Amino acid sequence: MRGRGERDPGEVDGELLGRVFLTRVLEPGDETGGRWVRERGVADVVRRLREGGRPLPGVSEKRWAGLLARAGRADPRRDLAVARTAGVRFVAPGAAEWPGQLDDLGDARPLGLWVRGRPSLRMWALRSVAVVGARACTEYGAHMAATLAAGLAERGWVVVSGGAYGVDGAAHRGALGAGGATAAVLACGVDRPYPPGHTRLITRIAEQGLVVGELPPGDHPTPSRFILRNRVIAALTRGTVVVEAAYRSGSLVTARAAERLGRHTMGVPGPATSALSAGVHELLRGHAVLVSDAAEVVELVGDMGELAPDRRGPVLPTDLLEPRARQALAGLPGRGAATAVEVARRAQTTEDDAIARLYELRALGYVERHGDGWKLTRQPMISVRGGRNPS
């Protein structure tokens with residue numbers, strides 16, 4: 001018998017199909033639609049949209065007609081087939097990979113997330129920090145974003161951003177350059193890199209990390225979708241760092257969403273005369289905390305782990321690990337450290353896959369990073385001595 005959230009690879013249940021259908025009909029963050037799903041269930045909402053009739057509560061006749069027109073064109077099986085071809089999976093609430101912290105968004109919670117990349121979204125989100133800021137950033141902003149991201153990656157944290165030009169791109173590149181983990185949350189279909197100038201970057205992120213979005217394959221971004229996307233970045237991570245932002249920057253939306261959700265909000269100060277840092281300084285005058293390097297960020301967001309029994313995230317018995325994660329763990333020596341290349345060779349996999357598995361194991365507390373190397377923490381070493389079968 002399969003447990004909750006586990007599905008036969010060849011089986012697509014009605015709940016999942018219904019949620020995929022709704023991603024074509026409802027806009028991201030639609031709280032009215034989210035309330036329908038919560039109160040009536042996915043199946044009933046889908047049925048009402050397919051059959052037409054009187055509007056569901058909370059929408060006008062005009063808006064209902066627009067939703068029905070979208071519903072008439074939706075084909076969830078086709079979307080899933082296109083996604084599979086592009087190496088994209090759909091992760092719904094209640095699935096094993098679903099990050100529970102997204103539930104904090106209430107009725108604005110995503111109907112599901114389209115995910116491109118090998119790592120587990122839930123595992124990576126356990127130790128993640130958002131680094132966001134201005135698209136038209138200065139050299140200072142790009143330098144600070146890249147340096148912060150590299151430092152976070154070296155400390156075993158996943159860097160999350162929006163894949164945009166400016167600070168976002170610098171943060172992603174900083175994490176990748178340090179051989180670390182990064183995830184891009186897009187305001188469009190994850191099979192359609194945006195902006196086009198970041199196609200190579202987003203492709204690289206998908207190869208080593210994760211590309212995530214609420215919109216189905218092929219869907220395009222709009223100004224409102226960029227703003228609504230930011231709530232996912234805020235909810236997914238333990239804290240948000242704003243590097244550069246003018247007064248009306250979209251990155252301030254991310255920071256304010258993080259604050260409302262009880263996440264840490266941080267800002268990197270800039271010159272007092274810089275308009276691109278004016279929004280950051282306004283945050284710092286409120287409840288945001290000033291940070292200047294990765295160590296200060298980790299000192300702040302790491303405190304959140306004290307709310308749980310183990311600040312490194314939940315630690316599962318090694319026999320419950322996925323086979324590829326278990327192979328990566330077995331590829332580490334009993335004493336000393338090994339590089340990702342060495343782990344990949346011993347686990348008979350690629351370097352990118354080995355890095356992904358090592359970050360999952362780091363989130364679970366089994367390994368830790370030291371410079372360019374990885375080593376076992378004391379707990380799994382004790383577990384091995386206590387009788388774990390090395391084969």
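This is a predicted model: local features need pLDDT of at least 70, side-chain atom pairs count only at pLDDT 80 or more; totals for chains, interfaces and linings use all residues.
1. Overall make-up. The chain has 391 residues, of which 54% count as buried. It holds 17 helices and 12 strands. Among contacts between residues at least 6 apart in sequence, 71% join residues at least 24 apart.

2. Nonpolar cores. The largest nonpolar core has 84 residues, and within it Leu152 and Val297 touch the most other members. Leaving aside residues up to four places away in sequence, Leu152 touches Val129, Val131, Trp157, Val159, Ala294, Val297 and Val298. Another core lies apart from the largest one; it has 19 residues, including Phe90, Leu186, Cys188 and Leu201. As background, nonpolar side chains in soluble globular proteins tend to be buried together.

3. Helix 7 against helix 13. Which residues of these two helices meet? Leu148, Gly151 and Leu152 come from helix 7, while Ala294, Val297 and Val298 come from helix 13. By class, this contact has five nonpolar residues, one polar residue and no charged ones. Helix 7, residues 139-154, packs on helix 13 at an angle of about 55 degrees, and the axes are 8 Å apart. The two helices are therefore oblique to each other, and helix 7 passes helix 13 in a right-handed crossing. Both Leu152 and Val297, noted above for touching the most other members of the largest core, take part in this contact.

4. Helix 10 against helix 11. Helix 10 (residues 223-236) and helix 11 (residues 250-260) pack at an angle of about 40 degrees, their axes being 8 Å apart. This angle makes helix 10 oblique to helix 11. The crossing is right-handed. On the helix 10 side the contact is made by Ile227, Asn230, Arg231, Ile233 and Ala234, and on the helix 11 side by Gly250, Val253, Thr254, Ala257 and Ala258. By class, the contact has six nonpolar, three polar and one charged residues.

5. Leu300. This residue is in helix 13, which spans residues 294-301. Leu300 has a relative accessible area of 17%, so it counts as buried, the cut-off being under 20%. Not counting residues up to four places away in sequence, Leu300 touches His264, Met266 and Val289. The C-alpha atom of Leu300 is 8.7 Å from that of Gly239, although the two residues are 61 residues apart along the chain.

6. His172. Is His172 buried or exposed? It is buried, with a relative accessible area of 0%. His172 is found in helix 8, residues 167-177. Outside the four places on either side in sequence, it touches Ser161, Gly162, Gly163, Thr182, Ala183, Ala184, Leu201 and Ile205. Of these, Leu201 also belongs to the core of 19 residues.

7. Backbone points to check. Most residues other than glycine have a negative phi, and most peptide bonds are trans. Gln348 is not a glycine, yet has a positive phi of about 55 degrees. Gln348 is in the loop between helix 15 (340-347) and helix 16 (351-363). With 75% relative accessibility, Gln348 counts as exposed. The peptide bond from Tyr194 to Pro195 is cis, with omega near 0 degrees. Pro195 is in the loop between strand 5 (182-186) and helix 9 (199-208).

Notes
Residues are numbered from 1 along each chain as its sequence is written. Side-chain values use heavy atoms; hydrogens and water are left out. Axes are lines fitted to C-alpha atoms, for helices over the stretch in contact, and angles run from 0 to 180 degrees between N-to-C directions. Helices (H or I, at least four residues) and strands (E, at least two) are DSSP runs, numbered from the N terminus. Angles under 35 degrees count as roughly parallel, over 145 as roughly antiparallel, 65 to 115 as roughly perpendicular and the rest as oblique. A crossing is left-handed if the near helix is turned anticlockwise from the far one by less than a right angle, and right-handed if clockwise. Contact means heavy atoms within 4.5 Å. Ala, Val, Leu, Ile, Met, Phe, Trp, Tyr, Cys and Pro count as nonpolar, Asp, Glu, Lys and Arg as charged, and the others, Gly among them, as polar. A nonpolar core is a set of buried Ala, Val, Leu, Ile, Met, Phe, Trp, Tyr and Cys residues joined through side-chain atoms within 4.5 Å. Buried means under 20% relative accessible area, exposed over 50%, partly exposed in between (1.4 Å probe, protein chains only).
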